[in-house]
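This report covers a helix pair and a group of aromatic rings. The sequence and structure come first.

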Amino acid sequence: MIMNGANESSEEFLKVYDTFSDKIYRYCYYRVYDREAARDLVQDVFMRTWRYLTQGNTIENMQAFLYRTAMNCIINASKKAKRTISLDQLHDDGFDVPSDSSSDPHNAIDAKTLVSKLDQLLDDSYREVIVMRYINDLDPKDIAVITGETPNVISVRLHRALKKLHEVLEKESYGTV
């Protein structure tokens, strides 16, 4: 989708909002673990995007632009105030991840188990790609565009993160952790 601020109407932008706002919210929420902060970030993302378009700029890949903007907003917010809430708090707050398995064999890990382990086991770069891939359902090419990495780097990062999760989960299932 190519949007040029000078030529696009507010109705078109509302369609973009309707299409992507839930996905951007989930992405923000899984990065900051705070519902209100995630809502504020989503608002900031779309305000910045609207401002960018109204200045006459063009966006060729709206999804990538929104995720990149969200990532930048999260980084800016984290510089202002550090928040550390465990992923267990997500479940206490009633936020639940659907546990379905797609055709991807790496998705065999139950989503609830994965979410409960992410904070404990993975550094930010691994956690970020896991969330984008398995919670936001983005493919490695889209993640690469969003993060500015190559698809190969993203695939390797996903593989390593999943391998680490599998190892730990196997150890736990045998009671050795």
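## Terms and model

A crossing is left-handed if the near helix is turned anticlockwise from the far one by less than a right angle, and right-handed if clockwise. Helices are DSSP runs (H or I, at least four residues), numbered from the N terminus.

The model is predicted: local features need pLDDT of at least 70, side-chain atom pairs count only at pLDDT 80 or more, and totals for chains, interfaces and linings use all residues. Residues are numbered from 1 along each chain as its sequence is written, and side-chain values use heavy atoms, with hydrogens and water left out.

## Helix 1 and helix 6

Helix 1 passes helix 6 in a right-handed crossing. Arg26, Tyr27, Tyr30 and Arg31 of helix 1 make the contact with Glu128, Val131, Met132 and Ile135 of helix 6; contact means heavy atoms within 4.5 Å.

## Aromatic pairs

Rings of Phe, Tyr and Trp (its six-membered ring) pair if their centres lie within 6.5 Å; planes under 30 degrees apart are stacked, over 60 edge-to-face, the rest tilted. The count comes to 7 aromatic pairs. Phe13 and Phe46 have ring centres 6.1 Å apart and planes at 75°, so this pair is edge-to-face. Phe13 is in helix 1 and Phe46 in helix 2 (residues 35-54), so the pair ties together parts 33 residues apart in sequence.

Phe13 also forms a tilted pair with Trp50, at 5.0 Å centre to centre and 55° between the planes. Ring pairs link Phe13, Tyr17, Phe46 and Trp50 into a cluster.

Key:
Helices (H or I, at least four residues) and strands (E, at least two) are DSSP runs, numbered from the N terminus.
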